[in-house]
Amino acid sequence: MILHVFESEGSLACAAAVIFAAQILRKPDSVIGLATGSTPLGTYGELVRLYEEGVLDFSRVTSFNLDEYVGLPKSHPESYYAFMHRNLFDRINIRDTHLPDGQAEDLTGECRKYDEAIRKAGGVDLQLLGIGSNGHIGFNEPSDRFVYGTNVINLTESTISANRRFFDSADEVPRRAVSMGIGTIMSARSILLLAMGAQKADAIKAMMEDEVDPRIPASILRTHPSVTVLLDKAAAGGLSL
Ligand code: PGA
């Protein structure tokens, strides 16, 4: 793992955008894996800026998002579909974007179709990840085993309460999501994980310093040959290295 620690969220976001920019400049038809949540917002802002300044052209880029809530219509402002369009897709010239369909009648079939679509596109070149304070990546929650492919996940209470801030009432927070599996994520050729804030420090320490363990899903990344981790000082606060 390559680790960089930044003084500010702004410089971290800029560094993450530089890594994506290099990927897209080197391979204009890159397949990129994208994430939602608060963490990537600064990075998406920088990518929009690079597009507006004529540095980046996304017209041949394909994207696959990590996950989507089950049961939330695309039109709901907190669906990941709406999030991605608001924060990135509608502001750049990307055309070929994919998210799991959390409203599919046959969710198991949808999971299979999603992995197949990634495979057909040639696999993900660069996957962006955040991390949950419980160590989840995508929505792969702590468990006694790593789940391989895209799958339907029952969210843990800690994830449901972390997501509560986006919804009017606790009842509205979705309880399930479709998420790329650990194997899907690990199949990406390169991975870029971002974390900011002291609430991520324990998960980052466990990911980087403890044993590989499905109870900290992100710890599997230690076995991937090309992972870059960008942290702010607070998220790096628990590291003893
Ligand atoms: P966050 O979520 O970016 O909103 O902190 C990250 C995650 O839970 O994976």
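Trainee: Which residues of α3 are buried?

Mentor: Buried means under 20% relative accessible area, exposed over 50%, and partly exposed in between, with a 1.4 Å probe and protein chains only. In α3 the buried residues are Tyr80, Ala82, Phe83, Met84, His85 and Asn87. Helix α3 is mostly covered, with six of its eight residues buried. Helices (H or I, at least four residues) and strands (E, at least two) are DSSP runs numbered from the N terminus. This is a predicted model in which local features need pLDDT of at least 70 and side-chain atom pairs count only at pLDDT 80 or more, while totals for chains, interfaces and linings use all residues. Residues are numbered from 1 along each chain as its sequence is written, and side-chain values use heavy atoms, with hydrogens and water left out.

Trainee: Against what do the buried residues of α3 pack?

Mentor: Contact means heavy atoms within 4.5 Å. The buried residues of α3 pack against β2 (31-34), α2, β3 (62-65) and β4.

Trainee: At what angle do α2 and α3 pack, and how far apart are their axes?

Mentor: Two packed helices are described by the angle between their axes and the distance between the axes. Axes are lines fitted to C-alpha atoms, for helices over the stretch in contact, and angles run from 0 to 180 degrees between N-to-C directions. Here α2 (residues 41-52) and α3 (residues 80-87) pack at about 40°, and their axes are 10 Å apart. That makes α2 oblique to α3; angles under 35 degrees count as roughly parallel, over 145 as roughly antiparallel, 65 to 115 as roughly perpendicular, and the rest as oblique.

Trainee: Which residues of α2 and α3 meet?

Mentor: Leu41, Tyr44 and Val48 of α2 meet Phe83, Met84 and Asn87 of α3. By class, this contact has five nonpolar residues, one polar and no charged. Ala, Val, Leu, Ile, Met, Phe, Trp, Tyr, Cys and Pro count as nonpolar, Asp, Glu, Lys and Arg as charged, and the others, Gly among them, as polar. An α-helix has 3.6 residues a turn, so residues three or four places apart point the same way.

Trainee: Where does serine 79 lie, and is serine 79 buried or exposed?

Mentor: Serine 79 lies in the loop between β4 (67-69) and α3. Serine 79 counts as buried because its relative accessibility is 0%. A polar atom of its side chain lies 2.9 Å from the backbone nitrogen of alanine 82. Polar contacts are pairs of N or O atoms within 3.5 Å; within protein, one must be able to donate a hydrogen and the other to accept it, and residues adjacent in sequence count only if both atoms are side-chain atoms. Leaving aside neighbours within four places in sequence, serine 79 is in contact with Glu68, Leu72, Pro73 and Lys74.

Trainee: Which residues surround the ligand?

Mentor: A residue is near a molecule if one of its heavy atoms lies within 4 Å of it. The ligand is surrounded by Gly37, Ser38, Thr39, Gly130, Ile131, Gly132, His136, Arg165 and Lys200. An oxygen atom of the ligand lies 3.0 Å from a backbone N or O atom of serine 38. For threonine 39, an N or O atom in the side chain is 2.4 Å from an oxygen atom of the ligand. For histidine 136, a polar side-chain atom lies 2.7 Å from an oxygen atom of the ligand.

Trainee: Where is histidine 136 found, and which residues does histidine 136 touch?

Mentor: Histidine 136 is in the loop between β6 (126-129) and β7 (151-154). With a relative accessible area of 12%, histidine 136 is buried. Not counting residues up to four places away in sequence, histidine 136 touches Gly130, Ile131, Glu141, Thr159 and Pro217. A polar contact of 3.4 Å joins its side chain to that of threonine 159. Threonine 159 belongs to helix α5 (residues 157-163) and counts as buried at 3% relative accessibility.

Trainee: Which residues of helix α7 are buried, and against what do they pack?

Mentor: In helix α7 (residues 201-209), the buried residues are Ala201, Ala203, Ile204, Ala206, Met207 and Met208. They pack against β1 (2-6), β9 (190-195) and β10 (227-232). Isoleucine 2 is found in strand β1 and touches Val227, Thr228 and Val229, not counting residues up to four places away in sequence.
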